[in-house]
Amino acid sequence: MASDREEFNLCGPTHLTTVDWGNEDHQRCVAACLVQGIYIVEQDRQLKREGTEALASPWWESFNFKLIRHLKDDADFSIFGGIFEYKSLQPDVVDSGVPRYVIAFRGTLTKADSITRDIELDIHIIRNGLHRTSRFEIAMQAVRSMADSVGASSFWLTGHSLGAAMALLAGKTMAKSGVYIKSLLFNPPYVSPPIERIANERVRHGIRFAGSLITAGLALSRTLKQTQQPQQQQLQLQNLTEDPLEALSSWLPNIHVNPGDHLCSEYIGFFEHRGNMEQIGYGAGIVERMAMQHSLGGLLMDAMGVSNAVEVEEPVHVIPSANLIVNKTISEDYKDAHGIHQWWRDDQELVSHIYMYK
C-alpha cells in the first residue's frame with residue numbers, strides 16, 4: 001500500500017487545479033512536485049512497480065508535463081534526475097512563464113539500492129568535491145546540452161537537498177560563463193556548523209565575524225606562502241582581492257529554506273551576515289568577500305599539512321545573489337522541516353527577500 005506521501009491523490013497539491021505560470025507560488029509548487037516525481041520514479045524502479053502499479057506519473061502529468069529522459073548514476077544505475085517537457089495543448093500559443101523543459105534532481109533516498117551512493121555524494125558535498133563526481137558530470141552534460149539546444153530561457157533547474165546542491169552547482173557553472181538559468185532550489189545543504197540555531201543574535205554575529213576573519217586570514221597566508229618573490233606576492237595579493245563572485249552576481253536562484261532544517265538554515269544567517277559586514281565598514285566587507293571565496297575547513301586542513309582532505313576552493317553553497325524564501329511555519333520535527341512536501345502546500349507562511357551582490 002502506498003504511503004500518504006507517495007500517493008499524489010492523497011498528499012499532492014489538489015488545491016492547484018489551474019496553474020498561473022506568472023504566480024511564483026504556483027511555480028514553486030509545480031517545481032517541488034516534479035522533484036517529488038523523480039523520488040517516486042526511483043522508488044518505482046526499486047520496488048518494481050510498473051504500469052498501473054507505478055505511482056510517479058501523476059506528479060508531472062497533473063501539470064501537463066511528460067518525462068522524456070531519466071538521468072541515471074553510472075555507479076549504481078539509480079535514477080537521480082529527469083528531464084520534463086511541457087505538453088502545450090495549443091502548440092501555436094506560447095504560454096507566458098511556462099518552461100518548455102525542467103531538469104529536476106532528487107535528494108538522498110533511504111532505500112537499499114541507492115542509499116550507499118547517495119551518502120557517498122553527501123560526503124563529497126561536505127568535502128567540497130561534488131564537482132569531481134561522475135553523477136555531477138552526467139547532470140552537467142544534460143544541463144549544457146539543454147542550454148545549447150533550446151536556450152537558457154526555455155528551461156528551469158530544480159532539486160531538493162542533495163539534488164538542490166547539484167542544481168546549484170550546475171547553475172553556478174553556467175552562470176560563470178554568462179548563461180543564467182532559472183533555478184528553484186529546495187533545502188540546499190549549507191556546509192557549516194548550525195550557527196543559526198543559537199538563540200542569541202549577538203553571539204551568532206560574533207561567531208560569524210570571527211569565522212570570516214579567520215578564513216580571510218588563512219586564505220591570504222596560503223596565497224603568500226605559495227609565492228616567494230615580492231613581485232609575485234604583490235600580484236597574488238591583487239588577485240586575491242579581486243572578486244570572482246561578481247561574474248555570478250546577475251544570477252538570482254530561488255533558494256527555499258526552513259529554519260528548522262539545520263542542513264540549510266545557515267543560508268539565512270549567511271545573507272544577513274554579509275549585509276552586517278558591509279555596514280561595519282573599515283574593510284569588513286572586503287574581508288567577507290575574501291572569506292566567501294574559500295572553504296574554512298579546507299584552509300584549516302591545508303594549514304595543518306593535511307593534503308586533499310577538503311577542497312580549498314569556493315564552497316558549493318556560496319552564492320552571491322539570491323531570492324531567499326524562508327518557511328516560517330513551525331515544523332513538527334527535522335523530517336518535516338527538511339521534507340520536499342512543505343513546498344507544494346498552500347498553508348505555509350513563506351517570507352522572501354532578494355539579496356543582490358554589490
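## Asn64

Asn64 is found in the loop between α3 (58–61) and β1 (65–72). The model is a predicted one. Most residues other than glycine have a negative phi. Asn64 has a positive phi, near 70 degrees, and is a residue other than glycine. With a relative accessible area of 18%, Asn64 is buried, because the cut-off for that class is under 20%.

## Ser161

Ser161 lies in the loop between β4 (155–160) and α6 (162–175). The relative accessible area of Ser161 is 10%, so this residue is buried.

## Asn323

Strand β7, which covers residues 322–327, contains Asn323. Is Asn323 buried or exposed? Its relative accessibility is 5%, and Asn323 therefore counts as buried.

The side chain of Asn323 makes a polar contact of 2.8 Å with the side chain of Asn254. Asn254 belongs to β6 (254–257). Leaving aside residues up to four places away in sequence, Asn323 touches Glu24, Leu252, Pro253, Asn254, Ile255, Ser352, His353 and Ile354.

## Pro259

Pro259 lies in the loop that runs between β6 (254–257) and α9 (266–280). Which residue is 71 places from Pro259 in sequence and 8.9 Å from it in space? The residue is Ile330, and the distance is taken from C-alpha to C-alpha.

Pro259 has a relative accessibility of 32% and so counts as partly exposed. The class of partly exposed residues lies between the buried limit, under 20%, and the exposed limit, over 50%.

## The chain as a whole

The chain has twelve helices and eight strands. Of its 358 residues, 50% count as buried; Asn64, Ser161 and Asn323 are among the buried ones.

Notes. Residues numbered from 1 in each chain as written. Predicted model: local features only at pLDDT ≥ 70, side-chain atom pairs only at ≥ 80, totals over all residues. Heavy atoms only, no water. Helix = DSSP H or I, 4+ residues; strand = E, 2+ residues; numbered from the N terminus. Buried < 20%, exposed > 50% of the residue type's maximum accessible area, 1.4 Å probe, protein only. Polar contact = N/O pair within 3.5 Å; in protein donor to acceptor, adjacent residues only side chain to side chain. Contact = heavy atoms within 4.5 Å.
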